[in-house]
Amino acid sequence: MTLNEKAITGLDAQTVLQPFKRLRRTRMTEQFRSMVRETELSKNDFIYPLFVVPGKSIKKEVSSMPGVFQMSIDTIVRECAEVKAMGIPGVILFGIPEEKDDVGSGAYDELGIVQQTVRAVKKEIPELVLITDVCLCEYTSHGHCGIVRGNEIVNDESVELLAKEALTHVQAGADMVAPSDMFDGRVRAIRGVLDENGFTNIPIMSYAAKYASGFYGPFREAAESAPKFGDRRSHQMDPANVQEALREVEEDIKEGADIVMVKPAMPYLDVLYRVKERFGLPTAAYNVSGEYSMVKAAAKMGWIDGERVAIELLTGIKRAGADLILTYFAKEAASYIDRHR
Ligand code: PBG
C-alpha cells in the first residue's frame, strides 16, 4: 500500500488484507446454518407415486427402479396406511389393467383397476389425499396416450375419453385428478364434466408443462406403457422450449387448473422457476423415474452418497419454486426428515 492509498482509505495494510465481510461467519456451526437456512423440505411437500396391478398379495420390484414396486390392491392399501403413518399427505395412483385395447377401455371402466383401488384405499385410509393420473397410455394396446388414427394421435376424441376417465376416478372417491396426456383442451373438458356431475370442489392438477423426455424410461417399465411404435413428441413438449411452456401453463390455468405441474424436474428447474414467478399458482414438480434411477444406480456403484444426493435434489427442486414434489424418494426423504429434525 502506498502512502497515498493509506491517506485515501484511512486503513493500514493489515486491515485491508483481512476481509471485513466474512460470509462464512454464519456457516461455522450447524446451529447457525440451520438459523439462516432458506429452504427446508417438509413431508407436506411430497406426493408418492404408486403402481397398481391386478392380482392378490403382489409386491413386485421394478427392476430399473430399486425400492419401487408394482402392487396389487390389497398390498397398496397396506402401503397407503404406511405412507400416511409416515406423515406423507398424498399419493398418485397409476393403474396397469388386466387387458388393453386400442381405445383404452380399462381407463374409464367404473370397475377398472384404479377405480377399484380408489374405493379400497378411501374405505381404509380416508384422510390420505388420493390423486389419480389421468391418461390412456397404460390402457391402450399400442401404448399411446390417446386414440390413434393412421399415424396421428387424435386430440378431441381422446380428450372426451380422458374426461370420462377423470369422472370415474372421482366417482370412486379420488380427491384430485391429474391429467398427464398434454392434449389440447383436456383441463376444460375435465372441469366441465366434473362440474356437471356435482364435483365442483374436486381440484385438477394438470401436467401443464410436460416434456417429451428420455427420463421416463424406467416409468414405462413400471407402468407397462411404452409406445409400441412412434413416440410422444406430437403432444409432449420439446425440451428446448420454455416460452411455449409458459403458454401451456397459462392455457391450463385459463381452462381451470388448480395446481400446475412441470415435468421432469431436474433438467427443467428454469421452467419451474419461471412458472412459479409468473403465475404464482400452487406449483408441482415431478421428480421422474429416470431422475430417481440415476441416483439409485450411481449410489449402488458406490459413486455417490444416494441419500445425500436425493435430499439435495429435492431441496433444489423446492428452492426453484415447487410447492409440491411428486417423487419416488418420498418415503426415504420423510425418514431423513424424521432423523434430522
Ligand atoms: C403418462 C405418464 C408418464 C409419467 C407420468 N404419467 C409417462 C409418459 O408420459 O410416457 C412419467 C413419470 C415418470 O417417469 O416417473 N401416463
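Q: Which elements do the buried residues of H5 pack against?
A: They pack against strand E1 (46–52), helix H4 (73–85), strand E4 (90–95), strand E5 (129–134) and helix H6 (156–172). Contact here means heavy atoms within 4.5 Å, and buried means under 20% relative accessible area, with over 50% exposed and partly exposed in between (1.4 Å probe, protein chains only). Helices (H or I, at least four residues) and strands (E, at least two) are DSSP runs, numbered from the N terminus.

Q: Is this a predicted model, or what is it?
A: It's a predicted model, where local features need pLDDT of at least 70, side-chain atom pairs count only at pLDDT 80 or more, and totals for chains, interfaces and linings use all residues. Residues are numbered from 1 along each chain as its sequence is written, and side-chain values use heavy atoms, with hydrogens and water left out.

Q: Thanks! Back to H5: which residues are buried there?
A: Ile113, Val114, Gln115, Thr117, Val118, Val121 and Lys122 are.

Q: And what should the 12 residues of H5 span?
A: At 1.5 Å a residue, helix H5 (residues 113–124) should span 16 Å, and its end C-alpha atoms are 17 Å apart, which agrees. The expected span is 1.5 Å times one less than the number of residues.

Q: New topic: how many disulfides turn up in the whole structure?
A: Zero, searching the whole structure for pairs of cysteine sulfur atoms within 2.5 Å. Cys135 is in no disulfide, and its nearest cysteine sulfur, that of Cys145, is 3.8 Å away. Cys137 is in none either; for that residue the nearest cysteine sulfur belongs to Cys135, 3.9 Å away.

Q: Are those two, Cys135 and Cys137, buried or exposed?
A: Cys135 counts as buried because its relative accessibility is 1%. Cys137 counts as buried too, at 5%.

Q: What about Val62, where does that sit?
A: Val62 lies in strand E2 (residues 59–62). With a relative accessible area of 2%, Val62 is buried.

Q: Which residues is Val62 in contact with, leaving aside neighbours within four places in sequence?
A: Val68, Phe69, Gln70, Pro218, Glu221 and Ala222. As for Phe51, it is 11 residues from Val62 in sequence and 10.0 Å away in space, C-alpha to C-alpha.

Q: Zooming out, how many helices and strands are there in the protein?
A: There are 13 helices and 12 strands. The C-alpha trace spans about 85 × 40 × 40 Å along its principal axes, and buried residues make up 50% of the 341 residues.
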